[in-house]
Amino acid sequence: MHSRFFGFALLAALLAVPVFLVSPAFADTLSPVRNGAELLFFPWQRSAELVRELGGKPEQPLPAGVDLQALRRAAKQGDATARHRLGELYRDGAGLVRNERKAVDWFRQAAEQGYAPAQTSLGWMYMYGRGVAQDDKEAMKWFRLAAAQGYANAQNNVGALYMMGRGVPQNYEEALKWFRLAAAQGDAAAQRSVGWAYLFGQGVEQNDKEAAIWFRKGAVQGHAASQNNLALLYQAGRGVPQDYAQAMEWLHRAAAQNDASAQCNIGLAYWFGEGVAKDPAEAAKWFRKAAAQGDAQSQYNLGWLYKFGKGVPRDAVQAVNWLRLAAEQGHVQAQVLLGRMYRTGDGIGKDTEQAVKWLGRAAARGNAEACFNLGSMYLRGEGVPQDEERAMTLYREATALGSEEAELALRKLNGEGSEYPWRGDSKLVERLRTGVKQGDAEAMYDLSELYSRGYAVEPDARKDLELLEQAAALGSSRAQYALGCRYLAGEGVPRDEAKGLSLLNKAAAQGDAFARQKLKSLSGEEEQSDAAPAPAVAPPPDRDYVERFLKAAKAGDAAAQLQMAAMYLEGHGVKQNDRQTLKWLRKAARQDYGPAQALLGFLYEQGRAVRPDAEQARLWYGKAAAWYRQSAERGDMEAQFELAEMYKAGRGVPRDAAAAATWYDKAAAQGYMPAQFELGCMYLNGLGLARDEAKAREWLGRAAKQGHQEARRLSRQLKVR
């Protein structure tokens, strides 16, 4: 989501997630919470979300036994079943070029004849804005018509809308009533919905055993998502005895149906050795299956395996390819690891602009490691103007989020040394030692700092120097600078001016500002920088500023309410207060104010100020998407850009690169720089539209003229070709 709505508040607020392969300690990853939200209500949603344009050709072959000419004749003669089937073929691109508008036309004709399956399909198209303007109320109208005829799929969908509060006020009890009606007819998706309600106590008292019973009802009918959820209950021992063998059996049944979540969970089982022998190669195989379907967690895990050579050959290029796919979907851990790889040039060539981009995105999501790394880049002037104040701000944010590295860096900048206590059980030390074993140069440098200063470990000059030399040899500019200074001064090593200067030059060549300054001072020259002046750190707002927004918020101004929520979330001008954050944010969101709805969805997704709740995140993202669509259709270029971002990430709408490209194009045509850049990248990568280097040059060039740094870099690269 565009930083205009998220970045202002979340730097200091969101919880951090360490950058390594997901471990068993992260229960969210292995629980039904993560996997349960993806296909909770609509059995064919995934296939519709993954549809791609293929140059005017059908995406799938015509189903066996379908006579297209006979089907067309029957549809034209008024046969409702034929009309609905023809709509399905157009919707799915099966035997016909995918055309959602034609699909809607055929669905509508059959729906108006009272054909319940067509009414349900038409409702879905309205709900997701496919071939028609998104409209939850219209979706509910058609679902109700079909549900009144006893059509189970529609009854389940009516329940879904009540559960999410879309088109109707949110009502868990009413949702459960509709789920039960459909489930009583044996509808597997509805049975899973009932199980979900029991699992999270929505509309009924929370009961793991009942959840397991209902998941099993769907699972035995072959419903992949139910099988996946039942497997996760067996893994966790919730509602059923813990039984890894049973878990693997159900996961394999779901995976055989190409369920990406189940494939990912099988990979995790092989990685951690849960119910099967630990086997990194087998884990990689399953992650690859899910990653190929667009599963961001699997893309991240596969990238991690390639980076560290676990189960697959070590391959930095493959690592970056998979990490980028996950990062572009908003996967924070992937953004951090990708940013670190670009920062250090880990087998791919150093690219500080890319490092700043990805670390910045993760920092805006409240990731401690990203804040720390980005702070270090500001401190040393890597790809950004050197700015010690900005660095310290980021270090403080990272420290508040639990980063021991940032705490040590702050103490070092403040001249504090001996006050930091030695803690033999420090998680930081354990994590850095793991990084050293994996060949991580930055972990080597950070651990050398601990041994040098006696932070969290006993001081050890030999280990300090050994780690520093290893990190410098692997290309860490920080290590090269520190070791170069030691050789020049003869501190802990024999004095060697030539070696010291060589190391400083290596660091300076990588853009290290400290090394450049040191070389300038040694040569007697004054440091001159052609970089733009560093932006001043914004002071906290004064009391009058806060009072003005508070007065407007109390008067019902949604934008002011959002601003108050942002200030309370960040503690900017007011004391940080989650309760006040939610109070004002919900007031704004309930006024159907899209930016507030988007931020509320984001908080539920990340578990900041509220418990993580994938369903609530999906609800509020959906409302935000509808709001942005209305503004976008009126020509608002920022709303067009935000809607494109939502389609690209699959937040509130199905992930749809073609739809994203359409809305980027509309905003770009109005001169909106971020949209011009994104559109250029889509043309360059052939994402959502045909690859066209000439158009990529055009749009990147327009963004570059407006000062977009990444666009300038890409434009230069294209000119060199």
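This is a predicted model: local features need pLDDT of at least 70, side-chain atom pairs count only at pLDDT 80 or more; totals for chains, interfaces and linings use all residues.
Residues are numbered from 1 along each chain as its sequence is written, and side-chain values use heavy atoms, with hydrogens and water left out.

Of its 721 residues, 55% are buried (under 20% relative accessible area, with a 1.4 Å probe and protein chains only).

Next, select residues 477-489, helix α28, and residues 497-509, helix α29. They pack at an angle of about 160°, with their axes 7 Å apart (axes are lines fitted to C-alpha atoms over the stretch in contact, and angles run from 0 to 180 degrees between N-to-C directions). α28 and α29 are therefore roughly antiparallel to each other, a term for angles over 145 degrees.

Now show the side chains of the contact (heavy atoms within 4.5 Å). On α28 pick S477, Q480, Y481, L483, G484, C485, Y487 and L488; on α29 pick E497, K499, G500, L501, L503, L504, K506 and A507.

Finally, go to N301, in helix α18 (residues 296-308). Is N301 buried or exposed? N301 is buried, with a relative accessible area of 0%. Select A291 as well: N301 and A291 are ten residues apart in sequence and 8.9 Å apart in space, C-alpha to C-alpha.

Technical notes:
Helices (H or I, at least four residues) and strands (E, at least two) are DSSP runs, numbered from the N terminus. Angles under 35 degrees count as roughly parallel, over 145 as roughly antiparallel, 65 to 115 as roughly perpendicular and the rest as oblique. Buried means under 20% relative accessible area, exposed over 50%, partly exposed in between (1.4 Å probe, protein chains only).
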